[in-house]
Amino acid sequence: MNCIVLLAYQTEAGFFARQRLELGFTPRLVLLNTPVNNREFFETAGEAAEGVFITYLAIDRRHPAAAAYRAKYGAEP
């Protein structure tokens, strides 16, 4: 399977997804950032959001780095 991996903000990613569909560009679209996982992306992309993979980094709250972050900043990472 061919893929396009894209790092973009929500509006630009939505336009790209929509244009990809309008042009008949067939590779699967994979978006690599959390800001895209919101209403603005889906409103901009419309039907072109169907089948798009959206990924983001997860935090292991048990990792020593998470404990150090909590100790330093008093908040969850």
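User: Does Y69 count as buried, partly exposed or exposed, and at what relative accessibility?

Analyst: This is a predicted model, in which local features need pLDDT of at least 70 and side-chain atom pairs count only at pLDDT 80 or more, while totals for chains, interfaces and linings use all residues. Residues are numbered from 1 along each chain as its sequence is written, and side-chain values use heavy atoms, without hydrogens and water. Buried means under 20% relative accessible area, exposed over 50%, and partly exposed in between (1.4 Å probe, protein chains only). Y69 therefore counts as partly exposed, at a relative accessibility of 35%.

User: How many aromatic pairs does the structure hold, and which kind is the pair of F41 and F42?

Analyst: Rings of Phe, Tyr and Trp (its six-membered ring) pair if their centres lie within 6.5 Å; planes under 30 degrees apart are stacked, over 60 edge-to-face, and the rest tilted. The structure holds 2 aromatic pairs. For F41 and F42, the centres are 5.0 Å apart and the planes lie at 75°, so the pair is edge-to-face.

User: Which kind of pair do the rings of Y69 and Y73 form?

Analyst: Y69 and Y73 are 4 residues apart in helix α3 (residues 64-73), about one helical turn; helices are DSSP runs of H or I, at least four residues, numbered from the N terminus. Their ring centres are 4.7 Å apart with planes at 45°, so the pair is tilted.

User: With which residues is A13 in contact, leaving aside neighbours within four places in sequence?

Analyst: Contact means heavy atoms within 4.5 Å. Beyond those neighbours, A13 is in contact with L6, A8, L31, V36 and F41.

How values were computed
Helices (H or I, at least four residues) and strands (E, at least two) are DSSP runs, numbered from the N terminus.
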